[in-house]
Amino acid sequence: MKTGSFQILTIGGIVSDKMKGKIFFGILILLSFIVVFSNGSLGQETPSVCCEKTTSGLFCQNVPASECAAGATQAASSCESTSFCQQGYCSNPFEGTCSSSTPRFVCENNGGVWSEEFPPQCQLGCCVLGEQAAFVTQTRCKALSASLGLSTNFNSKITSEVQCILSVAGQEKGACVYDEGFEKTCKFTTRANCANVITGEFFKDTLCTAEELGANCAPTTKTACVPGRDEVHFVDTCGNPANIYDSSKTNNNAYWSEKLSKAESCNPDGANADSRTCGNCNYLLGSICRQDGTTATCVDLNCGKVDGDERTHGESWCVYEGESGNGKSSAGSRHYKKTCSNGEVLIETCAEFRQESCVQSDTKLSDTQIFSEASCKANRWQDCTSQRSKDDCENGARRDCYWIGGTTNACLPKTPPGLEFWQKDQETNSICAQANTRCTVVYEKDIFGDEDCKENCHCRTADWLNLQKQICSSLGDCGPNVNWIKEQGAGGFKVIGSG
Amino acid sequence: VKENSSRRGQNNYKRVLIDFKMSKRGQVAIFVIVALVIVGVLVVVFGFSDSEGDLFQGDEANPEGFLKSCLEPELKKNSQTLALQGGYRNPEGFIIDNGDKIKYLCYTSEYYETCVVQQPLLKEHFEKELSAMIDAKADSCLKTLETEYEKRGYEITIGEGDSEVKTSQGKISVILDSPVTVEKESVQEFDTFEVGVESNMYELLLVSSSMIELEAVYGDAETSLYMRYYPDLNMEKTKLSDGTTIYKIENVITGEEFRFASRSLAWPAGFE
């Protein structure tokens with residue numbers, strides 16, 4: 001009987017099951033060693049004091065003592081445990097905005113009010129501002145109301161933004177007729193505003209230009225955008241918004257009398273972008289009212305065809321440099337998120353070294369239309385190789401890994417992390433070395449001298465070799481791989497046969 | 001006949017040539033005159049005219065209008081300079097991006113940690129910085145106002161005072177808190193002047209503050225949601241290799257932009 005050994009060396013190692021445990025243990029020892037080493041020899045580079053202000057002008061940072069600004073308070077402990085850099089909530093007494101994670105002295109030096117615990121003045125509630133609502137603090141509500149010339153209407157019992165918005169959505173609106181001097185005039189507003197603020201007579205769903213009201217407001221051909229609304233509206237001589245702009249209804253008395261809904265207005269199912277005849281813009285379809293001087297139009301917010309697909313306003317999608325997912329990533333590549341906004345395509349880079357990966361979900365709106373949403377999210381690859389079961393490996397709540405089953409069981413990062421492989425540092429080597437494997441193939445010679453494979457015969461196949469390559473490149477920028485400019489890399493992968 | 005006609009032809013040719021030369025000279029002269037007129041107009045418009053606007057339109061004095069046209073360019077210029085540097089004239093603790101210093105409004109030097117807020121009350125800080133930047137110009141505008149009144153035979157007294165900048169929905173205002181008394185046939189008294197310039201900086205500052213809060217709590221601010229809520233805003237987010245994120249928030253209608261940097265929840269390459 002003869003044994004042959006195939007050894008695959010990358011710069012690291014997942015291997016046959018028996019070896020795997022040993023190598024993992026070895027790596028742990030190696031990592032422990034690195035940690036010990038780091039704490040010892042890199043002591044000067046690691047944060048060692050909490051510094052009130054650094055030489056570069058940043059507040060409350062854990063940095064080496066040499067980086068502390070002259071005269072700045074410092075303590076040989078973490079900032080979390082110091083009194084001078086204690087973090088808490090900083091509220092703005094004028095605007096009512098609040099920020100957390102703010103050191104006390106930074107807050108107070110800027111005129112804020114600091115507190116360690118969440119302060120009541122930072123509690124959000126529903127602020128009704130005429131026909132609109134904002135989910136803000138009470139102080140902010142007062143500031144907003146004052147800036148709009150309204151009395152403060154704050155409800156702290158409403159605890160969610162959706163509830164807050166819905167609370168004003170159903171308000172009755174109509175013409176509020178009142179006397180101004182010797183004239184009867186009108187304001188299109190809510191019933192509550194008419195009764196409490198203007199103290200006029202309210203006519204539900206009636207426009208101020210309705211003849212029966214006898215107010216001094218008359219139709220015009222002017223158009224305007226209305227705050228909080230997507231559509232282009234006609235405006236009357238009193239400055240009130242009327243129905244949605246429809247060029248065919250300019251002189252239509254009925255259209256200037258009764259308030260019509262969006263669905264009852266012109267072309268309600270279209271975006272009406274750039275339309276000269278219909279101002280029924282639809283934000284969800286990619287158009288919105290924009291004012292240009294005295295006229296308003298529905299402008300197109302969509303981006304048209306981008307990278308081969310039609311992209312609408314608000315849509316975002318992932319862009320990869322080369323292959324991505326299930327352990328595939330080009331060396332040196334990163335992920336990108338593109339967003340279509342206001343007719344422009346904006347590019348967001350996910351974190352370097354693929355410490356963030358781009359994830360995308362597609363929603364089918366119709367047979368022909370898909371709406372994509374993407375996000376750069378943390379790539380949780382760190383503990384993939386420690387997982388021993390498929391369930392643990394593919395637990396999406398904890399990590400971003402995939403499982404290889406069959407003759408070789410391995411849990412690997414879905415998106416391999418980028419490594420500073422050009423530095424030839426020990427860490428890169430230790431990560432890549434997890435892919436090292438040894439497979440011992442057992443042959444039996446018969447009496448004629450012919451060899452017959454008896455054990456681990458699969459290790460001689462191209463499939464097994466390809467699997468090992470996949471494991472290797474899944475661990476990071478390791479092994480045989482192409483780089484982000486599609487050049488094939490050389491080295492980093494060896495197959496050694498012996499025996 | 002042929003000779004005559006050829007002579008006539010020669011004469012005609014000469015006349016045409018002379019006419020041509022004359023018309024060419026004439027054209028050159030006209031061009032020169034037109035050029036001089038244009039240059040003159042430009043000199044008058046940009047050189048001698050009062051770039052700060054006229055104080056008097058007819059017999060009526062309009063000091064607020066005068067101060068507005070005097071302060072507006074400076075206000076806009078400085079506001080934009082501040083906005084591109086995270087709200088700081090001379091930022092400390094910044095990152096350089098394409099030659100611009102961008103202030104870290106939230107920062108941690110460590111890996112795996114969320115940032116520490118470096119500038120709470122951003123709006124108030126922006127107002128203070130802008131106020132300091134236009135203080136000298138505000139004084140100079142008041143001086144010019146004084147001169148303009150005096151030229152018209154008015155007696156004017158300008159009291160000591162401060163200038164203050166306030167940002168609010170849709171505008172940036174400068175409040176000149178200097179009592180002014182103007183006297184000729186009658187006495188006019190002004191306690192303060194408020195000069196307002198259209199701007200959406202207030203909205204940009206509040207949105208930025210909200211994003212800083214997300215950076216401090218979650219280590220990241222998702223821009224897509226903001227863009228959906230604020231249809232007039234475009235946001236760009238660039239992540240650098242050291243873990244810094246640069247945010248650029250632009251109002252697509254006014255073109256105003258606010259930039260700031262943050263370093264929060266940064267990861268190193270590998271484990272570290």
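Reader: What stands opposite Cys106(B) in strand 14 of chain B?

Author: Ser262(B) does, in this predicted model. Strand 4 and strand 14 of chain B run parallel.

Reader: What makes strand 4 and strand 14 of chain B a pair?

Author: The count of bridges. Pairing needs at least two bridges. Strand 4 and strand 14 of chain B have three, so they pair.

Reader: Which sense does the pairing of strand 13 and strand 14 of chain B take, parallel or antiparallel?

Author: Antiparallel, over seven bridges. Strand 13 covers residues 244-251. Ile246(B) has Ala261(B) of strand 14 as its bridge partner. Five residues lie between the two strands of this hairpin, and Gly255(B) has a positive phi near 80° there.

Reader: Why is strand 14 of chain B called largely enclosed?

Author: Because seven of its seven residues, 257-263, are buried. Buried means under 20% relative accessible area.

Reader: Which residues of strand 14 of chain B lie on each side?

Author: Glu257(B), Arg259(B), Ala261(B) and Arg263(B) are on one side. Phe258(B), Phe260(B) and Ser262(B) are on the other. Both faces are covered. In a regular strand, side chains alternate between the two faces of the sheet.

Reader: Now chain A. Why does Thr250(A) count as buried?

Author: Its relative accessibility is 17%. The cut-off is under 20%, so Thr250(A) counts as buried. Thr250(A) sits in the loop between strand 16 and strand 17 of chain A.

Reader: What does Thr250(A) touch, leaving out residues up to four places away in sequence?

Author: Thr221(A), Phe234(A) and Trp256(A). The side chain of Thr250(A) also reaches the backbone oxygen of Ser247(A) at 3.0 Å. The limit for a polar contact is 3.5 Å, so that distance falls within it.

Reader: What makes Lys53(A) and Glu92(B) a salt bridge?

Author: Their closest N and O atoms are 3.1 Å apart. The rule asks for within 4 Å, so the pair qualifies. Across the interface of chain B and chain A, the rule finds seven salt bridges. Polar contacts there amount to 32 residue pairs.

How values were computed
Residues numbered from 1 in each chain as written. Chains lettered and ligands numbered in written order. Predicted model: local features only at pLDDT ≥ 70, side-chain atom pairs only at ≥ 80, totals over all residues. Heavy atoms only, no water. Salt bridge = Lys/Arg side-chain N within 4 Å of Asp/Glu carboxyl O. Polar contact = N/O pair within 3.5 Å; in protein donor to acceptor, adjacent residues only side chain to side chain. Helix = DSSP H or I, 4+ residues; strand = E, 2+ residues; numbered from the N terminus. Buried < 20%, exposed > 50% of the residue type's maximum accessible area, 1.4 Å probe, protein only. Contact = heavy atoms within 4.5 Å.
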